[in-house]
Amino acid sequence: MPTITYHQPSGERTTLEVAEGATVMRTAVTNGVPGIVGECGGQAMCATCHVYVRGDVALPERSEDEDEMLDCTSSERTDASRLGCQIAVGGGLDSLEVDVPASQV
Ligand code: FES
């Protein structure tokens with residue numbers, strides 16, 4: 001079963017087993033992982049699901065909408081920045097580790 005691991009700024013870590021296709025945002029919100037808001041419900045319109053992806057993992061390219069929203073994040077954008085609602089495990093990607101930013105709004 002795929003896993004998603006969330007690293008908090010405090011150093012706390014949460015690893016969750018999830019179904020194929022589970023997104024980083026929806027998994028966090030439904031499991032009470034702090035620091036990920038998901039205000040727009042996954043429409044790439046709010047940037048409150050910003051995360052930093054750890055490691056060199058093969059993720060789909062950022063869409064134009066995602067790229068634009070990443071310019072609006074509360075915490076600094078880096079090369080590892082993604083919208084948690086736009087990335088998912090599954091399809092050969094069995095584990096994903098992300099750092100939760102210090103702020104989302
Ligand atoms: S939940 Fe709003 S951009 Fe991801």
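Student: Is alanine 102 buried or exposed?
Tutor: The cut-offs use C-beta atoms placed from the backbone: buried means 20 or more other C-beta atoms within 10 Å of a residue's own, exposed means 12 or fewer, and partly exposed lies in between. Alanine 102 has 12 C-beta neighbours inside 10 Å, so this residue counts as exposed.

Student: What kind of model is this, and how are residues numbered?
Tutor: This is a predicted model: local features need pLDDT of at least 70, side-chain atom pairs count only at pLDDT 80 or more, and totals for chains, interfaces and linings use all residues. Residues are numbered along each chain as its sequence is written, from 1.

Student: Which residues is alanine 102 in contact with, leaving aside neighbours within four places in sequence?
Tutor: Alanine 102 sits in the segment after β5 (95-99). A contact needs C-beta atoms, placed from the backbone, within 7 Å. Beyond the neighbours within four places in sequence, the contacts of alanine 102 are Pro9 and Ser75.

Student: In what sequence do the elements run from the N terminus on?
Tutor: Elements are DSSP runs numbered from the N terminus: helices are H or I with at least four residues, strands are E with at least two. The protein has 2 helices and 5 strands. From the N terminus on, their order is β-β-α-β-α-β-β.

Student: What is the radius of gyration of the protein?
Tutor: The radius is taken over C-alpha atoms, and the globule rule is 2.2 Å times the number of residues to the power 0.38. For 105 residues, a compact globule would come near 13 Å; the protein agrees, with 12 Å.

Student: Which strands stand at the edges of the sheet?
Tutor: Two strands pair if DSSP finds at least two bridges between them. The 5 strands form an open sheet with mixed pairing, in the order β2-β1-β5-β3-β4. Two strands have a single partner each, so one side of each lacks a neighbour in the sheet: β2 (13-17) and β4 (81-83).

Student: How many bridges join β1 to β5?
Tutor: Histidine 7 has aspartate 99 in β5 as its bridge partner. The two strands, β1 and β5, run parallel, and the number of bridges is 5.

Student: Which residue stands opposite threonine 5 in β2?
Tutor: β1 and β2 pair in the antiparallel sense over 5 bridges. Their hairpin has 5 residues between the strands, and glycine 11 takes a positive phi near 100° there. Opposite threonine 5 stands threonine 15.

Student: What is the bridge partner of tyrosine 52 in β4?
Tutor: Strand β3 (residues 50-53) pairs with β4 in the antiparallel sense over 3 bridges. In β4, the partner of tyrosine 52 is serine 81.

Student: Which side chains along strand β1 are buried?
Tutor: Side chains alternate along β1 (residues 3-7).

Student: Which element supplies the largest share of the largest nonpolar core?
Tutor: A nonpolar core is a set of buried Ala, Val, Leu, Ile, Met, Phe, Trp, Tyr and Cys residues joined through C-beta atoms within 7 Å. The largest has 21 residues, and Ile4 and Val24 have the most contacts inside it. β1, α1 (24-30) and β5 each supply at least two residues of this core. The largest share, 3 residues, comes from α1.

Conventions:
Two residues are in contact if their C-beta atoms, placed from the backbone, lie within 7 Å.
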